[in-house]
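Please work through each task before reading its solution.

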Amino acid sequence: MMKNYNWAVLGCGVIANQLAQAIQSEGRSLYGVANRTYKKAVDFAEKYNIPKVYKNIQSIFTDENVDIIYISTPHNTHIGYLREALKNGKHVLCEKSITLNSEELEEAEKLANKNHLILAEAMTIYHMPLYKKLRAFTQNGDLGKLNMIQMNFGSYKEYDMSNRFFNPDLAGGLCLT
């Protein structure tokens, strides 16, 4: 019999909602939720019948009943939350980008390895129909001898400095270092 793992979500944005819906579609449920704004965590818990709401984010890391933490907060917060989760023995699924740079990623990987934990980055792109179709084309030779594939993938966002995609304080925007 497969073990049932207790998942807790840190962050209540669009992607966290998609994860909660996906888990429910499999007949399962999340164990806990934390958010910077407690009211949003309460609303999220009510929407998805989540039994545990953390008043303080730190509590998600120290709850002995949590096996896996899904981090879906702005990118600039990831490394701090990764450190706490991994130091406290929690497996982690973290939204992309998992860290802001390779040094942070190396630190997180070392913590995960040291504590024998799984650290994974949520990369839905590999499961999108477009990529599955491309993989099929390349594997069955429909395109002939393949030397290189170059493509761009993105989405349009209205310019809004409060949106994390544009705000440098939330790891958005252009980096010129």
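Two exercises with worked solutions follow. The model is predicted: local features need pLDDT of at least 70, side-chain atom pairs count only at pLDDT 80 or more, and totals for chains, interfaces and linings use all residues. Residues are numbered from 1 along each chain as its sequence is written, and side-chain values use heavy atoms, with hydrogens and water left out.

**Exercise 1.** Determine which element holds leucine 19 and which residues beyond four places in sequence it contacts.

*Solution.* 
Step 1. Leucine 19 belongs to helix H1, residues 14-25 (helices are DSSP runs of H or I, at least four residues, and strands are runs of E, at least two, numbered from the N terminus).
Step 2. Its relative accessibility is 16%, so leucine 19 counts as buried (buried is under 20% relative accessible area, exposed over 50%, partly exposed in between, with a 1.4 Å probe and protein chains only).

**Exercise 2.** Characterise the salt bridge between aspartate 67 and lysine 3.

*Solution.* 
Step 1. The N to O distance is 3.7 Å; the criterion is a side-chain nitrogen of Lys or Arg within 4 Å of a carboxyl oxygen of Asp or Glu.
Step 2. Aspartate 67 is in the loop between helix H3 (58-62) and strand E4 (68-71), and lysine 3 in the segment before strand E1 (7-10), so the pair ties together parts 64 residues apart in sequence.
Step 3. Aspartate 67 is buried at 17% relative accessible area, whereas lysine 3 is partly exposed at 49%.

How values were computed:
Contact means heavy atoms within 4.5 Å.
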